[in-house]
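Please open the structure in your viewer and keep the selection tool at hand.

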Amino acid sequence: MTADISACREALAHLDIDDNPQTVRQKSRDFYWYSPILKEQLDDVTADLVIAPRSVEEVVEILAACWKHDVPVTTRGAGTGNYGQAMPLSGGVVLHMKHMNEILEIGDDYFVAQGGTVIEHIERSLRAVGKEIRLFPSTMSSATIAGFIAGGSSGVGAIRWGGLRNPANIRRLRLVTMEETPQIIDLVGASDISKAAHAYGVNGVIVEVEMPADPATDWVDVIIGVDTFENSCRLALEIGDDDTVCKRMLSNFEAPIPFNYFRRHRPYLEESEAVVAVTVSTETLDRLVEVVEGFDGATLRLRYDQLEEGVKLPAAFELAWNHTTLRALRVDPTITYLQMMIPRPVMFEKLAEVKDRFGDELLLHFEFTRFDGVVSPVGIPIVRHTSNERLEEIIQILELELGLPVFNPHRITLEEGGMKKTNPHQLAFKKQADPKGLLNPGKMIAWKDPDWSPSPGKTYLFAE
Ligand code: FAD
């Protein structure tokens, strides 16, 4: 199968096409450079063309032409993914969703938006009518809603609602398939939605999403200093389990992450302290303050509702999730990161083992989310990077010796990223929706190797 790029370009010449090598290269990149391993692997990746459809009809037309001329297509939202998900490994077309950015409907408890809609725009529009989005990544100011669904997993709101895998959090996806005559299909219900959610766009282009909208709450960010990281975990669990404290985000960071990397917050921080960051409802703020004041070793360091006049700080969520790594990278470009699960029942034991084993080579950062209703930590530690070999060794030790599942952010494939095993439903759906395998090639191992199996001893977050 040889791609005929020029015939494809000619067929689509009336559309918004960019073939300037510099901008095409730029639009062929995401935040893959977070990973020193992916940076080495993917630095030369680039598409041939960027095409930005203005309507579902244009998406259909582009996919039909690419199918006819065997041209690979990689869909792009805002390119904030971290694992090279939006990078066109086989060249071809980057399908840039920037024009498909309309909110189509706001209902009583839901909204419908085009796939390329920036999440902040959705949140603002919902707030204007007394509602709010349920779940968003810390990149909400630039990330698109379909990019979040296809590439992301969790974020702000997960302490209340769980991550994107919670069936209540996505109601419907409309996608366009990659066939001779592309189909427009609606996926409804958990089992169908899981075919395209967190599938890196390998089995369809999501052109429309329907998600829940909740009544708007007034939120305020609070930063708490705590004497030790263990105590910050205890405090976070106490806050997490306390249903009288309504929160949208709950994160904690080992010292000296906050002092060294949250530069604009430094005047409020103590170098030796761990930090708990909470986004709490204004209605239950007093209760949070009560909890903090009753906790030995905790000090309320900053309330955003009491900021001095004229002082503006980034929202607490822009310190958390993968923004922690971004802030650390801005100060120290040599660091890198990992993503791992810390089972709550053995949390303190594992914490001690990690610290014994790695000391300051791994600085801990947890996001607290709900798994099956239980508040549980997800680890996004900062790692001192000395060599790629050492990074691989750290992952091995964590997984095989300490029994901590790592969702490896230094791999480009769905399977090796560790979020799941080969997903037979996503594979079966790809056979139907993309029979030539032209959508985002190289991201699903099972497409070429259906018998691929993970390395022994490796633990996966989801059963499938
Ligand atoms: P892109 O990066 O453009 O695409 C992501 C994947 O989705 C790609 O595989 C792409 O091909 C596919 N895709 C995009 N649009 C479509 C479409 N319309 N149809 C089909 N497939 C499509 N992730 C989280 O889950 N939670 C976080 O809190 C979080 N925080 C982050 C913080 C930072 C600083 C950074 C750099 C990343 C973070 N991420 C987080 C990862 C990323 O930002 C999110 O996954 C984000 O939602 C991706 O949206 P995007 O529009 O940039 O998607």
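Predicted model: local features only at pLDDT ≥ 70, side-chain atom pairs only at ≥ 80, totals over all residues.

Where they touch, domain 1 contributes 17 residues and domain 2 contributes 16 residues.

**The interface.** Display the surface between the domains. The size of an interface is often given as the accessible area lost when the parts come together. Between domain 1 and domain 2 the buried area is about 1,300 Å², and carbon and sulfur atoms give 60% of that area. Now select Ser-138, Ile-159 and Arg-160 in domain 1: these residues lose the most area to domain 2, and together they account for 50% of what the side of domain 1 buries.

**Contacts across the interface.** Side chains of opposite charge can pair when their charged atoms come close. Between domain 1 and domain 2 there are 2 salt bridges. Next, select Glu-123 and Arg-248, which form a salt bridge whose closest N and O atoms are 3.2 Å apart. Polar contacts also cross the interface of domain 1 and domain 2, with 7 residue pairs found.

Then show the secondary structure on the side of domain 1 that touches domain 2. Three elements, α5 (119–128), β7 (131–133) and α7 (158–161), each supply at least two residues to that side. Which of the elements gives the largest share of this side? The answer is α7, with 3 residues. Sorted by class, the side of domain 1 that touches domain 2 has 6 nonpolar, 7 polar and 4 charged residues.

**The ligand.** Move to the ligand and select the residues around it. There are 37 of them, and Thr-75, Gly-77, Thr-80, Thr-144 and Ser-154 come nearest. Three further residues deserve a look. A polar backbone atom of Gly-79 is 2.8 Å from an oxygen atom of the ligand. At Ser-153, a backbone N or O atom likewise lies 2.8 Å from a ligand oxygen atom. For Ser-138, select the side chain: an N or O atom there is 2.9 Å from a nitrogen atom of the ligand.

For one of them, select Glu-273 and Arg-301, where the closest N and O atoms are 2.8 Å apart. Glu-273 sits in the loop between α10 (257–261) and β13 (274–281), whereas Arg-301 belongs to strand β14 (residues 298–303); the pair links parts of the chain 28 residues apart.

**Two backbone details.** Most residues other than glycine have a negative phi, and most peptide bonds are trans. Select Ala-255 and Pro-256, which are joined by a cis peptide bond with omega of about 5°. Pro-256 is placed in the loop between β12 (247–253) and α10. Finally, select Asp-70, in the loop between α4 (56–68) and β3 (73–76). Although Asp-70 is not a glycine, its phi is positive, at about 55°.

Note on methods. Residues numbered from 1 in each chain as written. Heavy atoms only, no water. Contact = heavy atoms within 4.5 Å. Buried area = accessible area lost by both parts, 1.4 Å probe. Salt bridge = Lys/Arg side-chain N within 4 Å of Asp/Glu carboxyl O. Polar contact = N/O pair within 3.5 Å; in protein donor to acceptor, adjacent residues only side chain to side chain. Helix = DSSP H or I, 4+ residues; strand = E, 2+ residues; numbered from the N terminus. Nonpolar A, V, L, I, M, F, W, Y, C, P; charged D, E, K, R; others polar. Near = heavy atom within 4 Å.
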